[in-house]
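Here's a quick tour of a protein model, written for someone just starting out. Have a look at the structure first, then work through the points below.

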Amino acid sequence: MGLLEYISLIDFLATSATISTVLQFLTGLLICRKYIRKKSTGDTSGLPFISGFLSCSLWLKYGLLSHEHTVIFVNIIGLW
């Protein structure tokens, strides 16, 4: 018996999407680490961080309104 027989396809997709989204959020840590080491942002724009915060805020609002627990969980991590 395979793994997909125990876990439905939708659960598998939701879990893999959650993991990949959280890993995508963590890529910003590498950029922040570089800023901390250099003690400067240089000529780098803060727009990606601002747009990421705005996107997570809006998706969190959607998740709360539609009671989508996966969307809520991922975007709380993104806002953190």
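**A quick briefing**

Trp59 is partly exposed, with 47% as its relative accessible area. Keep in mind that you're looking at a predicted model, with a mean pLDDT of 84 for the protein.

**The aromatic pair**

- There is one aromatic pair in the structure, and it's made by Trp59 and Tyr62.

**How α2 and α4 pack**

- Helix α4 (residues 69-79) packs against α2 at an angle of about 10°, and their axes are 10 Å apart. So α2 runs roughly parallel to α4.
- On the α2 side, the contact comes from Ala14, Thr18, Thr21, Val22 and Phe25. On the α4 side, the residues are Thr70, Phe73, Val74, Asn75, Ile77 and Gly78.
- Ala14 sits in helix α2 (residues 9-38) and is partly exposed, with a relative accessible area of 27%.
- Ala14 and Ile72 are 58 residues apart along the chain, yet their C-alpha atoms are separated by 12 Å.

**What's buried in α4**

- Which residues of α4 are buried? They are Val71, Ile72, Val74 and Asn75.
- The cover over these buried residues includes α2 and α3.
- Take Asn75 in helix α4: its relative accessibility is 7%, so it counts as buried.
- Leaving out residues up to four places away in sequence, Asn75 touches Phe25, Cys56, Trp59 and Leu60.

**The cysteines**

- How many disulfides does the whole structure have? A search finds zero.
- Cys32 is in no disulfide, and the nearest cysteine sulfur, that of Cys56, is 14 Å away. A disulfide needs the two sulfur atoms within 2.5 Å, so a gap of 14 Å rules this pair out.
- Cys56 is likewise in no disulfide, with the sulfur of Cys32 as its nearest cysteine sulfur.
- Are these cysteines buried or exposed? Cys32 is partly exposed at 31% relative accessibility, whereas Cys56 is buried at 3%.

- Lys39, in the loop between α2 and α3, has a phi near 60°. Lys39 is exposed, with 73% relative accessibility.
- His67 also has a phi near 60°, and it lies in the loop between α3 and α4. At 60% relative accessibility, His67 counts as exposed.

- Where is the confidence highest, and where is it lowest? It is highest in α3, at a mean of 90, and lowest in helix α1 (residues 3-6), at 62.
- Where pLDDT is low, the predicted coordinates should not be read in detail.

Key:
Residues are numbered from 1 along each chain as its sequence is written. This is a predicted model: local features need pLDDT of at least 70, side-chain atom pairs count only at pLDDT 80 or more; totals for chains, interfaces and linings use all residues. Side-chain values use heavy atoms; hydrogens and water are left out. Buried means under 20% relative accessible area, exposed over 50%, partly exposed in between (1.4 Å probe, protein chains only). Helices (H or I, at least four residues) and strands (E, at least two) are DSSP runs, numbered from the N terminus. Rings of Phe, Tyr and Trp (its six-membered ring) pair if their centres lie within 6.5 Å; planes under 30 degrees apart count as stacked, over 60 as edge-to-face and the rest as tilted. pLDDT is the predictor's confidence in each residue, from 0 to 100. Axes are lines fitted to C-alpha atoms, for helices over the stretch in contact, and angles run from 0 to 180 degrees between N-to-C directions. Angles under 35 degrees count as roughly parallel, over 145 as roughly antiparallel, 65 to 115 as roughly perpendicular and the rest as oblique. Contact means heavy atoms within 4.5 Å.
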